[in-house]
Amino acid sequence: MGRWWSPPEPRSVQLLLLGVALVAASFYAGTLFQSSASPAVILPPSGSRSPDSSNPQVADDAEFTNRVAVTYRTTPISVPDHGLDVCPLEYNEYVPCHDAAYVSNLKNLDRSRHEDLEHICPPREKRLFCLVPPPNEYKIPLRWPTSRDNVWRSNVNHSRLSEVKGGQNWVHDSGKLWWFPGGGTHFKHGASEYIERLGNMTTNSTGDLSSAGVVQVLDVGCGVASFSAYLLPLDIHTMSFAPKDGHENQIQFALERGIGAMISVLATKQLPYPGNSFEMVHCSRCRVDWHENDGILLKEVDRLLRPNGYFVYSAPPAYRKDKDFPIIWEKLINITTAMCWKLIAKHVQTAIWIKPEDESCRQKNADMKLLNICNPDDSSSPSWKSPLMNCVRLNTDQSKLQKLPPRPDRLLFYSRSLERIGVTPEKFENNNQFWRDQVRKYWSLLGVEKTSIRNVMDMNANYGGFAMALSTDPVWIMNVVPHTAINTLPVIYDRGLIGSYHDWLVFFFWKSRHPFPCLDESKTHPCCRCLPFSTYPRSYDLLHAFHLFSHYQGRVEGCSLEDILLEIDRIIRPQGFIIIRDVNTTLSRISDLAPKFLWDVTSRTLENEENMPEQVLICRKKFWAII
């Protein structure tokens, strides 16, 4: 096949016109891993490289014209006729709002409290506007459950964790694979043994964590998320998070394994999860200074825990008597005592507290000026980019508290969180039936084996019906609720599901961090910004965008449909699917743009909740790479 090239120029002006060939790329395949040869779109590197027998066999002479170039967001936005540019290979792990190079130049960040590790997005003119490429020799991820223990080395080609944490059995080098034995800093002999010990500690050796009432866990500083992976046999679902810091690519490893996780940090802002959502918050050597700043981070844990929820702390202050560990332990005891947490067990390297259900002790401590009580209004809005509060929230209205059934009954339970937002039992049941029908039809339209999809995101999750309908399939779902939408994330957690607040488009005052309508420097125009999600490229096999775009329709300029599509392309895996339902004008625009993003797109018709015909786009990202 003929290839032509412009002479190379400096990177700042580099625009390499690419002839792109559709090829059949044969990857390492074995019976154990169920990997199959997959078609790919290959972008040749330069005119000096001539084809030879080592190159993949050309299966199609179709040519694509996307260029490799460092391209930034412009105003007005413009997508070239030749298609979106492709970022150079060194940007294959680009995470826009956790970009250390950008954040390192920012002043006025409280680095002592790790504010620099929070979700901080560059202005749009400094944000890449090109397709993020996969790394060299990228392969379609191994299928679950094989992926729990093994992932392709070339997909996350970083060795530091295996070098510094191999002795704790986080991850080991195994040739073309990374092998995850299931260990962690405080459970190097395996998460299963550790989880069994926690079950004994919470039940006085009479049961396991499930019988202790644990359904949802928040794992702080999760590492490669082996703790979460080994909780799944107990039907315990975990929201795992860790910062993008010196523990290189730990969340990327977790997602590659098919374990639910996201980039986040306990620093200066509330975590993006609703209060009273977890039966357990877990910290195993999570590198959080819980004793500092009057225990403000423990008060955030208190916000997130349900009454009678557990805080599990496995760290040196719980057992070591050297250095300053006894002083730290004393501070922890003082803070937790003031919050009326009860230390129910202390064994080996682990201490476990339980949050009280009866608020009389906390009210008494508040009267004695030992504890600050939050204003009741502080918990009324979503915890999205909200500052931490140095106070605790009292559950004084017992009518709002409700004992939830265990999974799987919790998935269909009509909770008071539904009642509070005006959803009737009949509407809830109808919504559940609608999503059962839709998911069955989705599988038919996708035409793939269910085991080929593991990581799923619902970008506008509403009540979590889509996730409920997938609950018996071998997937996990990140349920995202835009913070400008009706606050349904408490409903999702009350169903035993996990998710996060986010906003794909946010408003804020000029030079302010608050998400409200703003003015630009001239004080004449409102402004907004698209916010990428806190995850690595190629995190998800399936994205579901149910009337997401129309939610933002008519908002002020500054974030476009193209911006959100680019973020979708960044976080979807090669050969991953995007299901989009929205108004026809929006779907028409997406259909026109899809080829420029190197997506295949087909249109189908399903019925909406009113039994009216509704167009559905099924997009699939091509498998392409720079070679």
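Modeller: First a term: helices (H or I, at least four residues) and strands (E, at least two) are DSSP runs, numbered from the N terminus. This is a predicted model, where local features need pLDDT of at least 70 and side-chain atom pairs count only at pLDDT 80 or more, while totals for chains, interfaces and linings use all residues. Residues are numbered from 1 along each chain as its sequence is written, and side-chain values use heavy atoms, with hydrogens and water left out.

Biologist: Great. Where does Glu567 lie?
Modeller: Glu567 is part of helix H15, residues 561-571.

Biologist: Is Glu567 buried or exposed?
Modeller: Glu567 is buried, because its relative accessible area is 8%. Buried means under 20% relative accessible area, exposed over 50%, and partly exposed in between (1.4 Å probe, protein chains only).

Biologist: And what is Glu567 in contact with?
Modeller: Setting aside neighbours within four places in sequence, Glu567 is in contact with Trp504, Pro532 and Phe533. Contact means heavy atoms within 4.5 Å.

Biologist: Let's switch to helix H11. How far apart are its end C-alpha atoms?
Modeller: They are 31 Å apart. H11 (residues 425-446) has 22 residues and at 1.5 Å a residue should span 32 Å, so the two values agree. The expected span is 1.5 Å times one less than the number of residues.

Biologist: Which residues of H11 are buried?
Modeller: Among them are Phe428, Trp435, Tyr442 and Trp443. Seen down the axis of H11, the buried residues fall within an arc of 165°, so they line one face of the helix. That arc is taken from the directions from the helix axis to the C-beta atoms.

Biologist: What do those buried residues pack against?
Modeller: Their partners include helix H10 (416-420), helix H12 (465-469) and strand E22 (572-581). The face of H11 turned away from the buried side carries the exposed residues Glu426, Arg440 and Ser444. Just after H11, Gly447 has a positive phi of about 65°.

Biologist: How many bridges join E12 to E13?
Modeller: Six bridges join strand E12 (residues 278-284) to strand E13 (residues 305-314), and the two run parallel. Val281 stands opposite Phe311 in E13, and His282 has Val312 as its bridge partner there. The chain crosses from E12 through H7 to E13 in a right-handed β-α-β crossover. Right-handed means that, with the strands pointing away from the viewer, the path from the first strand over the helix to the second runs clockwise.

Biologist: How covered is E13?
Modeller: Mostly: eight of its 10 residues are buried. Five bridges also join E13 to E15, running antiparallel, and Tyr313 has Ala351 in E15 as its bridge partner.

Biologist: Last one: what about the sheet of three strands?
Modeller: That open sheet has the order E6-E8-E7, with antiparallel pairing. Strands E6 (150-152) and E7 (172-174) stand at the edges with a single partner strand each, so one side of each has no neighbour in the sheet. Three bridges join E6 to E8 (residues 177-179), and Trp152 stands opposite Leu177 in E8.

Methods. Pairing = 2+ DSSP bridges.
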